[in-house]
Each structure stands twice: as C-alpha cells, then as structure tokens.
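Me: I want to go through the labels on this model and test each one against its cut-off. Here it is.

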Amino acid sequence: MKLLRETFTVKEIPKTSWSSEDSYNLKPKPTTFILLVFGLFLFGLGESLLITSGAGVGPYTVLAQGISNLTDWSLGFSTFVISIFVLLLWIPLKQKPGMGTILNAFIIALTIEFSVFYLPYPQTYFLQVFQVVIGVLIIGLGSGFYLICNLGAGPRDGLMIGLQKATNMRIYSIRTIIEISVVVIGSICLLNNIDKLLGEVVGLGTMIFALGIGPSVALGISLVGRLSKET
C-alpha cells in the first residue's frame, strides 16, 4: 500500500547513492552508467512489445501519423520534427540535456531494431492487450532506472520533468495529460481519414498506453528509488 501511495504522490525524481550530481557529467560512476544503459534497454524492450502487440501504436506515433496525413512528410520525418519541437520546449522549462539524452535515441532504437525479430506477435486480442500492459510496465521500470541516474532525459521525459517542476503536479498526472493531449491532437489531424484512424493507428493499446504510462513511470521511479535506498 505504501508503494502504491508513493506512486500516485511522487512529484520529483529521487536522488540515490548512484545518481549523478549533474546531468552534464561525462564521467559518471560505472554503476550509474550501467544502470543508465540497463534502463534504456528496458525502455526499448517495452516499446518493442508495444510494436509487436498489434493493438495500436503509441500516442506520439499517432501524432506523427496525423502530421504525415496533413503534409507530404514521411512518418520518420514527422517523428523527427516532433522530437525537435519537444526539445525546443525544454528551453523555457530550463531542462538540461546530457549523456542520457543522446544515448536515449541510440540504445532504444537499437533495442527495437533487434528485439522485434524475437518477440511474440500475438494472434488473439486478449494476448495483444496483455502484451501492451507488460510493455507499459517495462517502460515504466526502465524509466525509473534511467531517470534516477540523472544523466539527462529523452525529449518526452524531459518535457514531463520540466512541466512537473513548473506546475508542481504529480508525475503520473502530468505524464497522463501529455499523452492524452498528444493522442487527441494526432486524432484530430486524422479525422479526414477515419479508416486509417480507427483501423491502423488508434487502438485499445494506444489508450492503455496513454492512460497507463503515467502511473507506470511513477511506479518505476518509486520502486527503483525505494530499492536503491534499501541496498
């Protein structure tokens, strides 16, 4: 019960014995670097489980699909533009990039690149949804490890942390608001293509992610923070 209470009340990333003092640190402790890589690997594995579930894409992919629908841009270029835009939002929020910001892109991408060939592709709807839930939980745990390292967040997590500091809202609340907003904007951009919106892009997995990733990340932060204090 205490862990559950912490999950829904946590407002900041805890500091542990292996957390870096500064996100600009280019020579972190070996333990910090290993946990950073491990956390990002888990994040990528969770993303891969979502991809192979076949139950709907993530919120930011919905937005990328929506932008592609309104422009002549490819899905990849739309995703790139979104990432740059999110990073620009860091400036007024005074968020600092770091080693983790760069490794975020490489490690998660490499994990997805190779793991999708070995993960299951469920054929029944129940198993598809179950795989989404597992993927969301793994992303939350991975987020807990890599964010507590304090070596710089990825674009979306950095936006979450920056907005949390600016509003003093709970982490799960601010992340949920961000993800739902992204889905809504992306869906609006796809309204002139209803078949694609409801058939290929937005599914139950999308909504599970949008509503579940906030609590999952908060749970991962609380769990990793607690285990680190006990060891």
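Reply: Start with helix angles. An angle under 35 degrees counts as roughly parallel, and one from 65 to 115 as roughly perpendicular. Keep in mind that this is a predicted model.

Me: Why are α4 and α7 called roughly parallel?

Reply: Their axes cross at roughly 30 degrees. The limit for roughly parallel is under 35 degrees. The pair α4 and α7 is therefore roughly parallel. The axes come within 9 Å, and α4 passes α7 in a left-handed crossing.

Me: Which residues make the contact of α4 and α7?

Reply: From α4 come Ser83, Val86, Leu87, Leu89, Trp90 and Leu93. From α7 come Pro155, Arg156, Gly158, Leu159, Gly162, Leu163 and Ala166. By class, that gives 9 nonpolar, 3 polar and 1 charged residues.

Me: What makes α6 and α7 parallel or perpendicular?

Reply: The packing angle is about 70 degrees, with the axes 12 Å apart. The range for roughly perpendicular is 65 to 115 degrees. α6 and α7 are therefore roughly perpendicular to each other. Ser143, Tyr146 and Leu147 of α6 meet Asp157, Met160 and Ile161 of α7. This contact has 4 nonpolar, 1 polar and 1 charged residues.

Me: Which members of the largest nonpolar core touch the most other members?

Reply: Leu36, Leu147 and Met160 do, in a core of 48 residues. Among the elements giving two or more residues to this core are α2 (30-53), α6 (125-148), α7 (155-167) and α10 (204-230).

Me: What does methionine 160 contact, leaving aside neighbours within four places in sequence?

Reply: Methionine 160 is in contact with Leu147, Ile171, Ile174, Arg175, Ile178 and Val217.

Me: How do you know whether proline 59 is buried or exposed?

Reply: Its relative accessibility is 1%. Buried means under 20%. So proline 59, at 1%, counts as buried. Proline 59 lies in helix α3. Beyond its neighbours within four places in sequence, proline 59 is in contact with Glu179, Val182, Val183, Thr206, Phe209 and Ala210. Proline 59 and isoleucine 178 are 119 residues apart in sequence, yet 9.4 Å apart in space, C-alpha to C-alpha.

Me: Why is asparagine 193 called partly exposed?

Reply: Its relative accessible area is 25%. Buried needs under 20% and exposed needs over 50%. Asparagine 193 falls in between, so the label is partly exposed. Asparagine 193 is found in the loop between α8 and α9 (194-201). Asparagine 193 and glycine 66 are 127 residues apart in sequence and 9.4 Å apart in space, C-alpha to C-alpha.

Conventions:
Residues numbered from 1 in each chain as written. Predicted model: local features only at pLDDT ≥ 70, side-chain atom pairs only at ≥ 80, totals over all residues. Heavy atoms only, no water. Core = buried A, V, L, I, M, F, W, Y, C linked by side-chain atoms within 4.5 Å. Buried < 20%, exposed > 50% of the residue type's maximum accessible area, 1.4 Å probe, protein only. Helix = DSSP H or I, 4+ residues; strand = E, 2+ residues; numbered from the N terminus. Contact = heavy atoms within 4.5 Å. Axes fitted to C-alpha atoms, helices over the stretch in contact; angles between N-to-C directions. Parallel < 35°, antiparallel > 145°, perpendicular 65-115°, else oblique. Left-handed = near helix turned anticlockwise from the far one by under 90°. Nonpolar A, V, L, I, M, F, W, Y, C, P; charged D, E, K, R; others polar.
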